[in-house]
Structure formats: C-alpha cells, structure tokens
Amino acid sequence: MAEPTDTHHDEVPDLSEEEDDNDEEQWQWMEEEADGVSVSCLFCQRSLNSVPETFQHCESDHGVNILQLVKAHRLDDYGYIKMINYIRTLKCSGETLAVLDGAVPWDSDEFMKPALPDDPLLQIDLEELVGAELMVDAVASGQAEALLQRARQAEERAARSEEALARAMEDLQKLKVLAQGLVLNAGRPGPSSSGAVAELREDEDEAYFSSYGHYSIHEEMLKDKVRTESYRDFICGNPDVFKDKVVLDVGCGTGILSMFAARAGAKKVIAVDQSEIIYQAMDIVRSNQLENTITLIKGRIEDVNLPVEKVDIIISEWMGYFLLFESMLDSVLFARDMYLAEGGSVYPNSCNISLAAVGDAEKHCDRIAFWDDVYGFKMECMKKAVIPEAVVEVLKPETVISEPTVIQTLDCNAVTTSELEFTADFTLKMTASTHCTAVVGYFDIFFDRGSTNKVMFSTSPHCTKTHWKQTVFLLENPIPVQSGDELPGRITVRKNRKDPRALLVTLNLADWRQTYSLQ
C-alpha cells in the first residue's frame with residue numbers, strides 16, 4: 001500500500017506549543033480577573049472576592065454545598081446554570097434545597113436567562129468547578145455505562161493486540177534461529193537432525209495425518225493383497241511369536257494389524273493413530289468383540305502416553321513410496337527406542353531398496369520430448385520443471401534393461417534415524433542394448449526374525465503390483481548402453497529440510513547429475 005501524501009502540510013501549523021502558550025495566557029487572565037471580581041452570595045447580600053470563596057461561604061454560613069448539589073442531581077453545564085439562576089430568582093433558602101427529591105424545580109428553560117447580569121458564578125466552566133470526576137458522575141447513567149463498556153472493549157482489544165504482538169515476536173525469533181541454522185548448514189554433507197519428524201508440531205503435521213482420515217486410502221491399502229496378506233500370513237502364521245505378548249501397532253489405521261495380532265493370541269494390543277480414522281477403528285474393534293484386548297489411542301506416538309511401560313512387539317505398516325517417503329519409519333524407531341522391551345522385536349524386521357535401469361523410449365518421448373513441440377509451440381523450458389519430479393507408476397517389467405542392485409538395507413531393530421539419510425555407490429549391469437531413459441527404484445520387505453513361517457514381499461516391477469507401485473527417475477537425455485555394460489552411479493537420499501516427510505533424491509549416472517523430489 002502506498003504511503004499517504006500530506007497535501008496540507010503547509011496549511012496546518014504545529015499547534016502544540018502555541019496551544020500551551022495560549023493556555024498559560026488564559027489562566028493568567030483568569031487569575032487576574034479573579035483578583036478583582038465581586039461575587040454576590042446566593043442567599044444573602046454579602047459580596048465575596050472569588051467563586052471558591054463564595055462557595056465556601058455558602059457552605060459555612062448557609063449550610064449549602066453547591067458542589068454536592070451538582071453531584072447529587074447529576075447536573076451538566078446547563079443544569080448548573082439553571083440551578084444558579086433559579087436560586088437567585090426565587091431567593092430560596094438552603095433548607096429548601098436540602099429537601100429536594102426527584103425532579104429538580106429548575107428544569108425549565110426560563111432559568112437559562114441570567115438572574116444577575118455578568119454573574120461570575122455563570123462564567124465558571126463546570127469541569128473546572130467540580131473536576132473531571134464529578135463530570136463523569138454528571139453524565140447520564142446510560143451514557144456512563146456505554147462509555148465504560150467501550151473502555152473495557154478497548155482494553156480487551158489492547159490486551160489481544162499485545163498477545164498477538166508477543167506471539168509474532170516469538171515466531172520471528174524462531175524464524176531467525178531457523179534461518180541461521182539453514183545458513184550454517186547450507187552445503188554441508190550428511191544427515192539432518194535425527195528427530196526432524198518427532199520435532200514437528202501437531203499443526204505442522206496436520207496435512208499428513210489429514211490425508212489418512214479419508215476412507216479411500218484405507219480401502220486401497222486393505223485391497224492391496226500383497227501388503228495385507230503378507231502381514232496376515234506372518235502374524236497369524238506365527239502364533240508362538242504373538243501368544244500372550246503385549247503388542248504396539250504404530251499408525252493402526254482401521255486396526256487390521258491389531259486384530260490380526262489379537263487373533264494370533266496377543267495378551268494386549270495398543271493401537272495408536274493421529275488421523276480421524278481412529279474413530280472408525282474403535283467401532284470396528286467393538287464390532288469384532290475385541291475391545292477387551294485392543295486399546296486404541298488417538299495421537300502421535302511421539303506425544304501420547306501408553307498405558308504400559310514396555311511392549312514385546314511393535315508392528316507397523318510404515319512404508320511409503322521408495323520405502324522412505326513420508327518418514328513414518330522415524331516414528332516407529334521412536335516407539336522402538338521408547339517402549340520396546342529387551343528381547344522384543346519390530347516387524348517387519350528388515351527391508352532394502354533396489355535400483356534398475358529402464359529403457360522406454362515411448363514413455364520418455366511422452367514425458368520429456370513432448371515439450372519440444374506442443375501444438376507448434378516450443379515449451380522446452382517445461383523440461384526443467386518436469387524432470388525433477390519423481391514419477392510413481394506401475395512400470396512395465398519388459399522395460400527394465402539391467403539387473404537390479406541393492407543400494408541400502410535396513411535392520412528395523414538396529415537402524416537409527418540418522419541412517420535413513422544416506423549416500424551409496426552402485427553399478428547397473430545392462431541386460432539389453434538400447435537407450436537408458438530412466439532409473440527405477442523399489443523395495444523389498446522381510447518378516448523373518450525369530451519366526452518359523454517367514455514372509456517377504458517385493459514391490460519390484462517383476463512382481464505382483466502393489467499400491468506402492470514403483471518410483472521412476474527420468475533422465476533428461478537417454479544414455480546409449482550395450483548388453484553387458486556396467487553403468488556406474490551414485491545416489492544420495494535425504495529428507496527435504498522444508499518438509500521432513502518429503503524426500504530429495506540425487507542421482508549421478510555416468511557424467512549426468514539430477515536431484516529429484518518426492519512429495
């Protein structure tokens with residue numbers, strides 16, 4: 001907004017000093033006038049030298065306190081003038097004024113006419129006469145209440161403004177600290193804070209949990225047979241692992257894993273979820289008469305207090321795209337370090353991430369070359385925006401042109417949150433002579449620690465598709481390869497500093513480098 005221009009600056013003088021001088025001159029004039037004034041008493045023939053002296057005489061000699069009359073009858077300027085003229089006109093006594101009750105007898109406008117010419121008692125300002133306090137009392141009660149109410153509202157607004165200012169100053173300080181941290185950490189290699197997700201405030205994490213409050217996402221996960229049946233087969237296929245155990249389900253959703261654990265013989269299951277789906281889970285648990293075994297708690301695992309000190313088993317379906325997207329594993333590791341008893345286990349207990357080369361000229365043309373000519377217009381600049389976005393899709397298995405290579409393996413019972421950000425060298429051994437147009441990433445999950453019936457599943461493009469699909473990193477320019485070639489590369493996976501639930505993946509392949517976002 002533009003600043004207002006003072007077009008009358010030269011026309012409006014600074015009155016502050018002039019007003020002070022005028023006030024001082026006025027008081028001096030009033031004092032000089034008062035020194036030579038003659039004021040007639042209201043009740044006798046005596047003349048006095050000033051208004052205050054006259055009022056003092058009226059009170060001491062006639063028993064009439066003029067100031068008290070003004071206050072008692074809540075007189076304003078006009079009421080005071082009428083009262084003085086009434087007393088002088090009717091020459092009433094002090095006793096008459098003392099017994100007045102109800103409506104005053106001088107209310108008529110006829111008493112606005114001075115009874116005594118140049119009466120000094122009528123030349124005194126009432127506020128000067130009785131002071132600001134009596135003036136407030138002279139205001140009608142309705143006006144006074146309104147003024148008081150407005151004063152209270154002003155005080156409340158001021159208090160709210162002070163609180164808002166304090167909050168703004170606090171937020172500003174936090175931003176300054178954050179900015180300092182970003183400057184100091186800029187360009188530094190290695191992982192960010194290990195507690196990035198745990199340190200998020202509930203309001204900062206609201207969007208993530210709100211997304212899991214929609215029923216469609218839970219329907220999609222439950223209908224993913226690879227996912228759901230793998231958990232069922234492990235839990236229900238190993239009752240010796242779960243019998244009489246205390247189980248913690250982190251991010252329970254509809255409660256399906258908790259109910260599998262209860263069916264497998266768990267003594268107690270504690271299910272925790274921050275999203276609104278927890279309320280449906282409560283109904284589901286009651287509908288299956290499992291409320292005596294399963295306790296549901298709404299909240300983040302980092303914030304809630306569990307009804308037990310330790311648990312024997314932690315189960316969770318925490319995996320995101322490219323395994324680590326959404327950073328829910330951070331919460332599972334928090335629960336492990338806080339609540340898992342010695343000798344207990346987290347399930348799934350291990351997992352890995354793999355990469356493979358992709359040769360799909362048709363898809364590359366559709367996604368990248370498309371921008372070279374769009375209805376006769378050049379839009380090559382769009383490539384710079386499209387390429388850094390990792391694509392989550394089901395890849396055709398025949399487009400994979402290399403052997404897979406594992407870039408990271410995680411032991412969920414031992415890994416730390418800092419190890420979830422990593423850099424790894426890899427080599428892709430080609431199985432076809434073509435052009436490498438992308439790199440695909442996927443993960444494998446294992447349930448095999450201390451169990452008889454071991455279970456695993458894969459999200460590889462060569463396996464049954466899952467709701468995780470695969471994560472594809474498109475290359476700007478395809479790389480020609482021959483069967484048997486070994487294409488060296490390096491990958492760095494780290495959390496997005498602005499949003500620790502998002503991922504940044506940097507790929508170095510041959511002489512080419514690109515950073516992708518997964519969010």
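**Labels and their grounds**

Visitor: Why does Glu219 count as partly exposed?
Guide: Its relative accessibility is 41%. Buried means under 20% relative accessible area, exposed over 50%, and partly exposed lies in between (1.4 Å probe, protein chains only). The value of 41% therefore makes Glu219 partly exposed. Lys223, at 59%, counts as exposed.

Visitor: What should I know about the model itself?
Guide: This is a predicted model, in which local features need pLDDT of at least 70 and side-chain atom pairs count only at pLDDT 80 or more, while totals for chains, interfaces and linings use all residues. Residues are numbered from 1 along each chain as its sequence is written, and side-chain values use heavy atoms, leaving out hydrogens and water.

Visitor: What makes Glu219 and Lys223 a salt bridge?
Guide: A salt bridge needs a side-chain nitrogen of Lys or Arg within 4 Å of a carboxyl oxygen of Asp or Glu. Here the closest N and O atoms are 2.5 Å apart, so the pair qualifies. Both residues lie in helix H9 (residues 215-223), four residues apart, about one turn of the helix. Helices (H or I, at least four residues) and strands (E, at least two) are DSSP runs, numbered from the N terminus. By the salt-bridge rule the count comes to 15.

Visitor: Which parts of the chain does the Lys495 and Asp330 pair link?
Guide: Lys495 forms a salt bridge with Asp330, with 3.3 Å between the closest N and O atoms. The link joins distant parts: Lys495 is in strand E15 (residues 486-495), Asp330 in helix H14 (residues 328-339), 165 residues apart. Both are buried.

Visitor: How do you know that Glu393 pairs with Arg367?
Guide: Their closest N and O atoms are 3.1 Å apart, and the limit is 4 Å, so this is a salt bridge. Glu393 lies in strand E9 (residues 391-393) and Arg367 in helix H15 (residues 361-367), so parts 26 residues apart in sequence are tied together. Glu393 is buried at 11%. Arg367 is partly exposed at 24%. Shared partners join Lys363, Arg367 and Glu393 into one network.

Visitor: Which side chains of strand E11 are buried?
Guide: Along E11 (residues 422-429) they alternate. Phe422, Ala424, Phe426 and Leu428 point to one face and are buried.

Visitor: What makes E11 and E15 a pair?
Guide: Two strands pair if DSSP finds at least two bridges between them. E11 and E15 have eight, in the antiparallel sense, so they pair. Asp425 stands opposite Arg490 in E15.

Visitor: Which residues touch the most other members of the largest nonpolar core?
Guide: Among them are Phe242, Phe322 and Ile491, in a core of 104 residues. Such a core is a set of buried Ala, Val, Leu, Ile, Met, Phe, Trp, Tyr and Cys residues joined through side-chain atoms within 4.5 Å. Strand E12 (residues 434-447) gives the most to this core, with seven residues. Another core, of 24 residues, lies apart from it and includes Leu48 and Tyr86.

Visitor: What does Ser517 touch?
Guide: Ser517 is in strand E17 (residues 512-518). Contact means heavy atoms within 4.5 Å. Leaving out residues up to four places away in sequence, Ser517 touches Pro388, Glu389, Ala390, Leu503 and Leu504.
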